[in-house]
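I am opening a notebook page on this model.

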Amino acid sequence: MPKTLYATLKALPGQRETLRGLLTALAKDVRAEPGCERFKVYTLASDPDLFHVEETYRDDAAFAAHMATEHGKIFNQTITPLVEGGGSEVVFLDEVV
């Protein structure tokens, strides 16, 4: 069963473009993971400092492999001083239809 989630990140003042660049690089790496089915990055139309990332992985094992990647660990460490709360807020989803 696919593992789907979304993550939100709010850039601190003056950090929007840095965060955008980091998310762009991360997207390239994550999309290359064998278990990644979807990795899309958006900004909120009414607040371009708020990023929204939609992710789907083939299954729990693919998500676990994603969480263990070096590029993911580096990204999470790098964004700590760039975003509100020091990281992303993650919500897991269950498909209805």
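**Pockets**

I looked up the largest pocket and found about 300 Å³ of space in it, where a pocket is an open set of points on a 1 Å grid over the protein atoms alone, with a 1.4 Å probe fitting at each point and protein on both sides within 12 Å along at least five of seven lines. The volume is the space filled by probe spheres set on the points, which are joined across faces, edges and corners. Of the 19 residues that line this largest pocket, E55, H66, M67, N76 and S88 are the closest to its centre, lining residues being those with an atom within 4 Å of a point.

I note that the model is predicted, with local features requiring pLDDT of at least 70 and side-chain atom pairs pLDDT 80 or more, while totals for chains, interfaces and linings use all residues. Residues are numbered from 1 along each chain as its sequence is written, and side-chain values use heavy atoms, with hydrogens and water left out.

Next I sorted the lining of the largest pocket by element: β1, α1, β3, α2, α3 and β4 (89–93) each supply at least two residues, and α3 gives the largest share, five residues. Helices here are DSSP runs of H or I with at least four residues, and strands are runs of E with at least two, numbered from the N terminus.

For the second largest pocket I noted about 210 Å³ of space, lined by M1, P2, K3, T4, T56, D60, F92, L93, D94 and E95. The elements giving two or more residues to that lining are β1 and β4.

**Helix α1**

I then turned to α1 (residues 16–31), whose 16 residues reach 22 Å from first C-alpha to last, close to the 22 Å expected at 1.5 Å a residue, the expected span being 1.5 Å times one less than the number of residues. L19, L23, L26, A27 and V30 of α1 are buried, and because the buried residues fall within an arc of 110° seen down the axis, they line one face of the helix; the arc is that of the directions from the helix axis to the C-beta atoms. Buried means under 20% relative accessible area, exposed over 50% (1.4 Å probe, protein chains only). E17, T24 and K28 are exposed on the face turned away from the buried side of α1.

**Residue E33**

Finally I looked up E33, in the loop between α1 and β2, which counts as buried at 10% relative accessibility. Leaving aside residues up to four places away in sequence, E33 touches Y57, H66, T69 and H71, contact meaning heavy atoms within 4.5 Å.
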